[in-house]
There are 2 protein chains.
Amino acid sequence: MQALILAGGSGTRFWPLSRRHRPKQLLPLGKSGSLLRQTVERVIPSVGADGIWISTTRELVDAVARELPELPLERILAEPASRNTAPAIGWCLTRMRAEVGDDVVAALHADHRVADASSFLEALGVAERAALQGDRVITFGVPPTHPETGYGYLELGEVLDGATGLRRVTRFTEKPDRETAERFVASGDHVWNAGIFVFRPSHLLGELERLAPEIGDGLRRIAESPGDLDRLYLDLPSRSIDHAVMEKLDDLATVPLDCGWSDLGSWDALAIVLPTDEAGNATRGDVLAIDSAGCLLWAEEGQIAALGLRDLVVVRTGDTVLVAPRNRSQDVRRIVEELRERGREDLL
Amino acid sequence: MQALILAGGSGTRFWPLSRRHRPKQLLPLGKSGSLLRQTVERVIPSVGADGIWISTTRELVDAVARELPELPLERILAEPASRNTAPAIGWCLTRMRAEVGDDVVAALHADHRVADASSFLEALGVAERAALQGDRVITFGVPPTHPETGYGYLELGEVLDGATGLRRVTRFTEKPDRETAERFVASGDHVWNAGIFVFRPSHLLGELERLAPEIGDGLRRIAESPGDLDRLYLDLPSRSIDHAVMEKLDDLATVPLDCGWSDLGSWDALAIVLPTDEAGNATRGDVLAIDSAGCLLWAEEGQIAALGLRDLVVVRTGDTVLVAPRNRSQDVRRIVEELRERGREDLL
């Protein structure tokens with residue numbers, strides 16, 4: 001099996017720590033090192049050091065190479081421009097093919113968190129066998145703990161393998177509204193989509209041509225005329241693999257994934273998984289907290305002195321400090337948008 | 001009249017802006033320049049540029065001289081050590097005497113706020129005449145707006161002059177408990193002590209000898225043996241002028257002071273008097289506030305990004321950031337104490 005790790009994101013939800021040239025996957029948000037490095041180390045037992053491929057952008061390729069100096073440069077695939085995950089995965093698969101043929105590929109995000117690596121690897125093994133046997137795309141279903149509206153939901157259908165829990169997916173619903181999410185969680189037959197896909201490249205590229213021909217055609221043109229990559233890639237439509245392919249597949253299947261997974265979608269999501277002190281504060285760096293509880297206090301540079309705070313996020317960098325209630329941390333992008341409008345390139 | 005401006009304080013309540021070598025009176029907390037400079041400029045119409053004297057400490061004398069370059073150095077009187085206001089005022093009066101004889105003196109703090117300077121000067125004139133006529137100490141009584149427990153209260157007695165509102169003070173209560181403060185405010189016959197005293201030096205020094213003989217004796221020894229100042233000053237007991245003298249006087253009088261006075265005793269007190277934006281936020285420096293109200297956001301260096309905050313104080317300096325609810329800002333000293341215990345001289 002090969003692992004294609006998607007590390008091209010330029011998320012703003014971890015501002016002010018995340019910036020244009022240091023997106024979330026390169027931040028040391030976990031126990032040790034960046035999320036990208038942790039993702040690589042997590043899958044190596046399954047794919048080997050030689051089975052690691054990175055999908056990223058030209059803007060980030062140097063930073064990725066610095067973060068993973070042991071990885072041969074030719075396995076860091078840099079898109080000429082950001083066109084979301086469908087063109088990115090499709091183009092990477094055409095590049096990988098020459099070297100690894102039709103080996104099963106696990107496409108996974110570089111910036112997610114997994115607490116229990118061995119459960120994760122076990123599920124990956126189940127998915128690999130299922131993708132080989134059924135020639136279908138295998139997703140990973142996380143038992144939902146709350147009606148999260150930021151995730152995709154998989155509706156569970158026919159049991160394909162009782163021993164492994166492999167089931168058919170009867171519907172794929174991306175980011176439902178609150179009411180729908182509550183209904184899904186209450187139903188007991190929906191799981192969160194972890195955003196990891198396992199498949200044979202020939203199968204996925206075939207489905208891409210069938211379901212999203214404008215992308216399939218574009219990729220074929222690039223393969224025929226590699227010198228025109230920059231121009232041709234720009235012509236590809238910006239689409240996610242979920243919308244372009246996954247939602248439309250009628251033979252999608254899913255394996256259960258119960259490994260402490262989180263997409264770390266916000267400061268609040270991070271605060272939930274970080275270790276805390278007796279008062280329930282998660283802290284990093286030089287922090288003094290008095291009479292404060294339930295806070296995420298992150299000092300990258302300088303000190304944070306917190307007095308009498310409840311459930312706040314405070315993130316201090318050398319040039320700014322973010323202060324917000326944890327339950328508003330989804331709105332941090334509003335700050336980034338406002339800074340962009342004000343032309344504050346220095347803070348982006 | 002002479003003005004003796006008390007600028008020796010090393011308050012910690014405006015940490016992290018205030019530090020050992022930059023106490024509150026040297027901070028630009030007002031509309032323009034430091035509180036010390038504003039205090040000087042406020043009293044000049046009453047005492048003239050030649051009537052300004054500064055009481056400070058050796059540690060701060062350079063900073064004070066830099067802040068007031070136009071003031072002759074010999075009118076900046078630096079105590080060898082901090083011994084609170086009773087020794088400081090007593091010693092300064094003995095130093096001033098040689099040059100200005102028994103001119104009436106107004107002793108006032110360098111770090112208070114006055115919104116209406118002309119009302120203030122008017123009250124100062126009333127006090128000067130009263131101190132000359134009655135040879136007594138005149139205090140200034142501020143109509144209380146709430147049961148503040150951090151102030152001293154003056155109980156109003158016999159009316160001495162109906163035209164000016166001069167009244168005898170029947171009791172002086174420093175920092176009462178909450179219940180007492182509430183009773184005082186409800187009574188209608190108590191005012192806040194603004195901490196400004198007007199008197200003839202001969203009268204106050206006489207009372208100091210009579211009511212606090214250990215200070216009076218010490219000052220006489222210093223006058224007799226000026227070469228031993230450093231050693232003798234260290235022997236003086238550390239006492240406030242309120243406790244050593246004012247509370248014990250039986251002929252204390254007070255003039256009404258209704259001029260938008262505040263002792264700016266905390267970040268919250270400052271927030272109350274600063275101009276605010278439409279959302280009720282008082283801001284300084286590079287601040288971006290979204291969905292935030294009632295906050296004091298002060299960026300001395302770098303930026304503050306506030307999202308969804310209510311009634312918080314956020315103060316960012318180059319080396320730290322304080323975050324606390326406004327109603328906890330009296331407890332900022334707890335942070336300073338904790339930093340001292342941890343040996344964090346870099347932040348004190």
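The chat below takes the interface, then the symmetry, then the backbone.

Q: What kind of model is it?
A: A predicted one.

Q: How many residues of chain A are in contact with chain B?
A: 28 residues of chain A, against 28 residues of chain B.

Q: Which elements of chain A supply at least two residues of that side each?
A: β12 (282-290), β13 (296-307), β14 (312-316), β15 (320-325) and α11 (332-341).

Q: And how do the residues on that side divide?
A: 18 nonpolar, four polar and six charged.

Q: In what sense do β15(A) and strand β13 of chain B pair?
A: Parallel, over four bridges. Within β13(B), A305(B) stands opposite L322(A).

Q: Switching topic. What superposes chain A on chain B?
A: A rotation of 180 degrees, with 0.1 Å of shift along its axis. The RMSD is 0.1 Å. That is how a two-fold axis relates copies. The same surface serves both, with 100% of chain A's contact residues recurring in chain B.

Q: Now the backbone. Is the peptide bond between W15(A) and P16(A) cis or trans?
A: Cis, with omega about 10 degrees. P16(A) is in the loop between β1 (2-6) and α1 (35-47) of chain A.

Q: And from W15(B) to P16(B), cis or trans?
A: Cis, omega near 10 degrees.

Q: Which phi does D311(A) have?
A: A positive one, about 50 degrees, although D311(A) is not a glycine. D311(A) is in the loop between β13 and β14 of chain A.

Q: Why does D311(A) count as partly exposed?
A: Because D311(A) has 16 C-beta neighbours inside 10 Å. Buried would take 20 or more, exposed 12 or fewer.

Terms used. Residues numbered from 1 in each chain as written. Chains lettered and ligands numbered in written order. Predicted model: local features only at pLDDT ≥ 70, side-chain atom pairs only at ≥ 80, totals over all residues. Contact = placed C-beta atoms within 7 Å. Nonpolar A, V, L, I, M, F, W, Y, C, P; charged D, E, K, R; others polar. Pairing = 2+ DSSP bridges. Least-squares fit on C-alpha atoms with pLDDT ≥ 70 in both.
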